[in-house]
Amino acid sequence: MSRAATAAGVVPATEEWFLHHGLSYFVPEQRHAAREALRPRRLVPILLLVALAAAGAAGALAWLADQLAVGPAVLVSLSLAAAVLYALTALKAGPIVRWALAQTFGSLRTLLPMTTRALPLLLLFITFLFISTEVWQVFTNLGFGQLWLTVLLFVFIGVGFLLVRLPEEVDRTDDDVTDAMLLNACRGTPLAEDAERLVADPEADPAAYAEVTGYERWNLVIVLMIVQSVQVLLVSLSVFVFLMLFGSLIMTEPVMQAWLGHNAHHLPRLQGVSRELLQVATFLSAFSGLYLTVSTVTDETYREQFFGSVLRELERAVGVRAVYLAVRERDLAAR
């Protein structure tokens, strides 16, 4: 790239485009700030402070609730909340999260088609469990802390599965970069003209810069994870609402008495809604979320339905980044 083009601000404009499209770690300054925030001299004191504060709050709440399991549940939850807050601020993940959430909620119109594909078999299986005596006997005897820990366990399993599988989506995208993809990706961006020149230049090879690694790779993985998690959460909430309505209709007092050996503990001012119903619906909804998380990554039909629009954005990000790096390399060589 010539100095005149640099003066025109193509590289800064592209970096601004990255920030507005949830690609913070594609910008060198943002990557450097995140790398500095993860250095032990900054991270260790914060970890110790968070651990002490979370442990104190967990112990106090466990004592007030008189349930030992509340302590670990609160400790894990507060630690996760602190990690998210640190990521949003010090690790510069705020633009990533905002763009991913906007992308997800902006495509809510696709939630109904996704739901019609994912829910029928899931609801059939969940309804079978819902009318099972053993499920009610097991999960209505759990304390609040134990149920909380069970939900957190499902969350960790789902996130762990995504951390293993989603990088494969990124690798699949940056392995299939062509000149046509680069031109299409850069259309409407500050690099549109430069992409055409690079593709037309027989000595240039912008596709050679397509491989995404390090922080940039994790940037794309985080975007996919947030989109996936929000969609799964919305479908899980739909399952929860269905189970609450279904349970309030069919779980009559004689049935509860026969299954549980005692009367249900109904919530004040909510006829037909009991603590036991809430516990079972919460567990089955969390289990549904785990089922959907696995299905949407492993099943090709679900994968296309849940990830279709985001994968197109992923290809665009990879293409723009490749041209951006090629332009910067040419600019440095021309100096």
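**Aromatic residues at the surface and in the interior**

With a relative accessibility of 68%, tryptophan 63 counts as exposed in this predicted model, because the cut-off for that class is over 50%. Tryptophan 63 belongs to helix α4, which covers residues 40-65. Together with Leu61 and Leu64, Trp63 makes a nonpolar surface patch of about 400 Å².

Attention now turns to contacts between rings. A pair of aromatic rings is described by the distance of the centres and the angle of the planes. Across the whole structure, the search finds 14 aromatic pairs. One of them joins tyrosine 25 and tyrosine 215: the ring centres are 5.7 Å apart and the planes stand at 90 degrees, so this pair is edge-to-face. The two partners come from distant parts of the chain, 190 residues apart, with tyrosine 25 in the loop between α2 (10-20) and α3 (28-37) and tyrosine 215 in helix α12 (residues 214-250). Tyrosine 25 is buried, at 6% relative accessible area, whereas tyrosine 215 is partly exposed, at 22%.

A stacked arrangement is found for phenylalanine 139 and phenylalanine 283, with 3.6 Å from centre to centre and 20 degrees between the planes. Phenylalanine 139 sits in helix α8 (residues 133-139) and phenylalanine 283 in helix α14 (residues 275-298), so the pair ties together parts of the sequence that are 144 residues apart. Phenylalanine 139 is buried, with a relative accessible area of 14%, and phenylalanine 283 also counts as buried, at 11%. Both rings take part in a cluster in which ring pairs link Phe139 and Phe283 with Phe125, Phe154 and Phe287.

Technical notes: Residues numbered from 1 in each chain as written. Predicted model: local features only at pLDDT ≥ 70, side-chain atom pairs only at ≥ 80, totals over all residues. Heavy atoms only, no water. Patch = residues over 30% accessible without salt bridge, like charges linked within 9 Å, V, L, I, M, F, W, Y side chains within 5 Å. Areas by Shrake-Rupley, 256 points an atom, 1.4 Å probe, with all protein chains shown as cover. Salt bridge = Lys/Arg side-chain N within 4 Å of Asp/Glu carboxyl O. Helix = DSSP H or I, 4+ residues; strand = E, 2+ residues; numbered from the N terminus. Buried < 20%, exposed > 50% of the residue type's maximum accessible area, 1.4 Å probe, protein only. Phe/Tyr/Trp six-rings, centres within 6.5 Å; stacked < 30°, edge-to-face > 60°.
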